[in-house]
Amino acid sequence: MRHGLKEVHVKYPRVCAHRGLMAFMPENTLPSLAAAVAMGADEIEFDLRCTKDGVIVCIHDYTIDRVSDGTGCVWDMTYEELLQYDFGGKMGSQYKGLKIPTFEQILQAFAGRVIMNIELKAMRPEDPYPEEIIQKIVALIEQYECTESVYFMSLDHRAFPVLQKVAPHIQRAPGSGYNPNLDLVQAALDFGGKKIQFGFDYAGSDEALKALCERAHAQGLRCNIVLADEPELAKRYFALGVDTVFSNNYQYVAQGL
């Protein structure tokens with residue numbers, strides 16, 4: 001057990017379990033995250049959205065169609081409505097009946113035991129990032145006393161001015177998506193970030209990736225790359241300067257390093 005874990009105590013390079021152990025288990029569910037933690041992951045990643053009635057839940061897409069037996073947008077449903085749907089059966093009958101987890105349930109299980117990369121998803125793509133939702137997320141993190149073992153990532157950079165205002169004490173990492181025109185290092189500096197997160201396509205080549213990591217490190221930033229599901233690819237990224245490799249298959253990659 002690693003209760004009281006802090007980001008500064010966890011060494012680099014590291015492998016982050018992307019949405020838990022999603023290669024084999026239903027992504028962004030409690031069993032998927034728990035399996036990664038049980039296998040020794042130093043870091044897990046998951047996505048947060050908000051329901052119609054203000055409950056913070058863990059899901060990547062803005063609809064529930066891909067990962068459940070239901071359809072519709074998360075922001076158009078209450079939490080009780082979401083509980084009607086099965087979020088595990090599409091990955092196999094052994095997972096049938098899994099429910100969408102709340103952020104608080106994740107914190108109850110893992111706060112202080114593992115580093116958490118929390119990807120913030122906007123309520124609706126066209127809306128500014130709601131400060132009250134950020135406040136609710138931060139309040140839960142503070143309630144579970146894990147401010148030093150979590151950090152925020154978002155591809156929606158509208159979230160970062162709100163984070164700077166509401167939670168300057170919690171680390172943040174702007175993400176690139178796959179936008180090669182974005183100066184991600186400068187974005188992190190502008191937003192007070194400590195990390196940057198990107199896909200290989202953002203750099204475009206091994207040489208460019210190495211140069212990006214060197215520039216980021218010179219500014220005191222850590223580099224996350226999404227993603228590598230083969231140990232050899234993870235080794236290549238680490239050799240080029242990446243600090244954290246995200247993987248859908250944590251155990252396979254971690255054991256192969």
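A: In this predicted model, Leu 227 touches His 18, Leu 233, Tyr 237, Phe 246, Ser 247 and Asn 248, when residues up to four places away in sequence are not counted. Leu 227 itself lies in the loop between strand S8, residues 222-226, and helix H9, residues 231-239. Its relative accessibility is 26%, and the residue therefore counts as partly exposed. Leu 227 can also be located by its distance to Thr 244: the two are 17 residues apart in sequence, and their C-alpha atoms are 9.5 Å apart in space.

The backbone at this point deserves attention. The peptide bond that joins Val 226 and Leu 227 is cis, with omega at about 0°. As a general rule, most peptide bonds are trans, and most residues other than glycine have a negative phi. A further cis peptide bond joins Tyr 12 and Pro 13, where omega is about -5°. Pro 13 belongs to the segment before strand S1.

Asn 28, although not a glycine, has a positive phi near 60°. This residue is found in the loop between S1 and helix H1. With 2% relative accessibility, Asn 28 counts as buried. Glu 145 is also not a glycine and has a positive phi, of about 50°. Its place is in the loop between helix H4 and strand S5. Glu 145 has a relative accessible area of 72% and is therefore exposed. A positive phi is found as well at Gly 40, which follows H1 and has a value near 100°.

Asp 47 lies in strand S2. Its relative accessibility is 0%, so Asp 47 counts as buried. Apart from neighbours within four places in sequence, the residues in contact with Asp 47 are Arg 19, Asn 28, Val 57, Cys 58, Ile 59, His 60, Glu 119 and Lys 121.

Strand S2 also takes part in the surroundings of H1. The buried residues of H1 pack against strand S1 (14-18), strand S2 (43-50), helix H3 (103-110) and helix H10 (250-255). Helix H1 covers residues 30-38, and its buried residues are Ser 32, Leu 33, Ala 35, Ala 36 and Val 37. In general, an α-helix has 3.6 residues a turn, so residues three or four places apart point the same way.

H3 and H4, the latter covering residues 131-143, pack at an angle of about 20° with their axes 10 Å apart. Because of this angle, H3 counts as roughly parallel to H4. The crossing in which H3 passes H4 is right-handed.

H4 has a contact with helix H5 as well. The axes of H4 and H5 come within 10 Å and cross at roughly 50°. The two helices are therefore oblique to each other. Their crossing is right-handed. In this contact, Glu 131, Ile 134, Gln 135 and Val 138 of H4 meet Val 162, Leu 163, Lys 165 and Val 166 of H5. The residues of the contact comprise five nonpolar, one polar and two charged.

His 157 lies between strand S5 (150-154) and helix H5 (159-166). Its relative accessibility of 19% means that His 157 counts as buried, because buried residues are those under 20%. The side chain of His 157 reaches the backbone oxygen of Gly 175 at 2.9 Å. Neighbours within four places in sequence aside, His 157 is in contact with Pro 174, Gly 175, Leu 182, Leu 184, Ala 187 and Phe 191.

How values were computed
Residues numbered from 1 in each chain as written. Predicted model: local features only at pLDDT ≥ 70, side-chain atom pairs only at ≥ 80, totals over all residues. Heavy atoms only, no water. Helix = DSSP H or I, 4+ residues; strand = E, 2+ residues; numbered from the N terminus. Buried < 20%, exposed > 50% of the residue type's maximum accessible area, 1.4 Å probe, protein only. Polar contact = N/O pair within 3.5 Å; in protein donor to acceptor, adjacent residues only side chain to side chain. Contact = heavy atoms within 4.5 Å. Axes fitted to C-alpha atoms, helices over the stretch in contact; angles between N-to-C directions. Parallel < 35°, antiparallel > 145°, perpendicular 65-115°, else oblique. Left-handed = near helix turned anticlockwise from the far one by under 90°. Nonpolar A, V, L, I, M, F, W, Y, C, P; charged D, E, K, R; others polar.
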